[in-house]
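Please read the following report alongside the sequence and the coordinates.

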Amino acid sequence: MPHSQTSAPRDSRTGVRLARGASPWLLPTVATAALSLARSRRSGAARAVAVPATVLAAGMLWFFRDPEREIAQGRVISPADGVVQSIMPWKDGRTRVAIFMSPLNVHVNRAPLSGTVTSVEHIPGGFVPAFNKESENNERVVWHFDTELGDIEMIQIAGAVARRIVPYIPQGTKVEQGDRIGLIRFGSRVDIYLPEGVEVDVEVGQKTVAGVTRIDRG
């Protein structure tokens, strides 16, 4: 079965695929840049706005990019671009792998395994920086997948800047490994819990690529 593709806007000038859920931030910024550039020849005020607005718009296009990926082979692949922040044994025998996403990373998250989404739960909370221990109580979305390894839990955690998590698919959806499942705007953290008996094959400080980096040892 081929990997499913969620529809997303594409910048017609660059051919770059843009993440679903980016529009509330992206459209006003690009519109302001375009309008100020169009008026800059006749207005000094517009010229003053044009440069920072254009830089900000370019930054937004970069932040909300959603590149195609050649999905790797492996039992569990990374759901997020970023850096492994911590690897922690859990009381129930699972191992939590926390991946910190900076504002420079791709913000679209992907399914770590093939299976069925059994739960998508939004939990309100705070917005402290995602690298802070207190981010455990941040706004988050908790996912559960029914997979060949059993129940897999994944948590998208909002940070100080990323104050909106956008799930792409509802409970009951069947996904292929590497499918796009949601967006965290600007950067934050994604935690995945590996079942008991599944060994981790990444290290703290290692960079990960969603859909590409294998995080378990097979």
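A cavity is here a set of points, on a 1 Å grid over the protein atoms alone, where a 1.4 Å probe fits but cannot get out, and its lining residues are those with an atom within 4 Å of a point. This is a predicted model, in which local features need pLDDT of at least 70 and side-chain atom pairs count only at pLDDT 80 or more, while totals for chains, interfaces and linings use all residues. Residues are numbered from 1 along each chain as its sequence is written, and side-chain values use heavy atoms, with hydrogens and water left out.

**Enclosed space**

The largest cavity is lined by D66, P67, R69, D81, V106, V108, R110 and A210. Its volume is about 30 Å³, where grid points are joined across faces, edges and corners and a volume is the space filled by probe spheres set on the points. The count of cavities of 30 Å³ or more comes to one. By class, the lining has four nonpolar, no polar and four charged residues, with Ala, Val, Leu, Ile, Met, Phe, Trp, Tyr, Cys and Pro counted as nonpolar, Asp, Glu, Lys and Arg as charged, and the others, Gly among them, as polar.

Strands are DSSP runs (E, at least two residues), numbered from the N terminus, and two strands pair if DSSP finds at least two bridges between them. Strands of a sheet pair through backbone hydrogen bonds, either parallel or antiparallel.

An open sheet of three strands has the order β3-β9-β7, with antiparallel pairing. At its edges are β3 (108-110) and β7 (165-167), each of which pairs on one side only. Neighbouring strands of this sheet are turned by 25° against each other on average, direction ignored, with axes taken as lines fitted to C-alpha atoms and angles running from 0 to 180 degrees between N-to-C directions. The antiparallel pairing of β3 with strand β9 (residues 180-184) runs over three bridges; V108, one of the residues that line the cavity, has L183 in β9 as its bridge partner.

| Strands | Bridges | Facing residues |
|---|---|---|
| β1 and β12 | two bridges | V83 and K207 |
| β1 and β2 | six bridges | V83 and F100 |
| β2 and β10 | six bridges | F100 and R189 |
| β6 and β10 | five bridges | E153 and Y193 |

V83 in this way has K207 in β12 as a bridge partner and also stands opposite F100 in β2. β1 and β2 form a hairpin with five residues between them, and G93 in the turn has a positive phi of about 100°.

Six of the six residues of β10 are buried, where buried means under 20% relative accessible area, exposed over 50% and partly exposed in between (1.4 Å probe, protein chains only). Both faces of β10 are covered, with R189, D191 and Y193 on one side and V190, I192 and L194 on the other. Elsewhere in the sheet, V141 is found in strand β5 (residues 140-147) and counts as buried at 2% relative accessibility. V141 and I155 are 14 residues apart in sequence but 5.7 Å apart in space, C-alpha to C-alpha.

**Aromatic pairs**

Rings of Phe, Tyr and Trp (its six-membered ring) pair if their centres lie within 6.5 Å; planes under 30 degrees apart count as stacked, over 60 as edge-to-face and the rest as tilted. How many aromatic pairs does a search of the whole structure find? There are two aromatic pairs. The rings of W90 and Y193 have centres 5.4 Å apart and planes at 75°, so this pair is edge-to-face. Because W90 lies in the loop between β1 (82-89) and β2 (95-100) and Y193 in strand β10 (residues 189-194), the pair ties together parts that are 103 residues apart in sequence. W90 is partly exposed, with a relative accessible area of 31%, whereas Y193 is buried at 5%.

The rings of W143 and F145 have centres 5.9 Å apart and planes at 5°, so that pair is stacked. W143 is buried with a relative accessible area of 0%, and F145 is buried at 1%.

How values were computed
On a 1 Å grid over the protein atoms alone, a cavity is a set of points where a 1.4 Å probe fits but cannot get out, and a pocket is an open set with protein on both sides within 12 Å along at least five of seven lines; lining residues have an atom within 4 Å of a point. Helices (H or I, at least four residues) and strands (E, at least two) are DSSP runs, numbered from the N terminus.
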